[in-house]
Amino acid sequence: VPPAKYIEAAAKHNADIIACSALLTTTMVHIKDVVKGVAESPLAGKVKIMIGGAPVNDAFRESIGADYYTPDASSAAEKALEICAAARV
């Protein structure tokens with residue numbers, strides 16, 4: 001999915017988070033494009049990027065500049081609630 005689609009949808013729905021997940025190492029590299037696209041868009045600083053998936057870890061998150069990493073769906077849901085609550089303050 002092109003980064004512009006993520007950005008369009010996030011702007012349209014007034015999102016606090018864009019969450020990206022990868023199941024294979026061949027797809028995880030494209031998460032970096034979403035992070036870069038957001039950083040270069042009007043959403044920079046307004047939308048947080050959360051990543052996860054089998055081949056993804058916190059070191060990868062740091063290397064691409066994403067905001068949050070979670071290891072599984074349950075912790076992702078908890079982190080998303082935390083991020084959204086903080087954004088509403």
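Author: We may begin with the largest pocket, which has a volume of about 170 Å³. The model is a predicted one, in which local features need pLDDT of at least 70, side-chain atom pairs count only at pLDDT 80 or more, and totals for chains, interfaces and linings use all residues. Residues are numbered from 1 along each chain as its sequence is written, and side-chain values use heavy atoms, with hydrogens and water left out.

Reader: What makes a set of points a pocket, and what does its volume stand for?

Author: On a 1 Å grid over the protein atoms alone, a pocket is an open set of points where a 1.4 Å probe fits, with protein on both sides within 12 Å along at least five of seven lines. Grid points are joined across faces, edges and corners, and the volume is the space filled by probe spheres set on the points.

Reader: Which residues line the largest pocket?

Author: Lining residues have an atom within 4 Å of a point; among them are V1, Y6, C20, H30 and D33. The elements that give two or more residues to this lining are α1, β1 and α3 (31–39). Helices (H or I, at least four residues) and strands (E, at least two) are DSSP runs, numbered from the N terminus.

Reader: Why is Y6 called partly exposed?

Author: Y6, in helix α1, has a relative accessible area of 27%. Buried means under 20%, exposed over 50%, and partly exposed in between (1.4 Å probe, protein chains only), so Y6 is partly exposed.

Reader: What is D16 in contact with?

Author: Contact means heavy atoms within 4.5 Å. Leaving aside neighbours within four places in sequence, D16 is in contact with K46, V47, K48, C84, A87 and R88.

Reader: How do you know that β2 and β3 pair?

Author: Two strands pair if DSSP finds at least two bridges between them. Strand β2 (residues 48–52) and β3 have two bridges, so they pair, in the parallel sense. The bridge partner of M50 in β3 is Y68.
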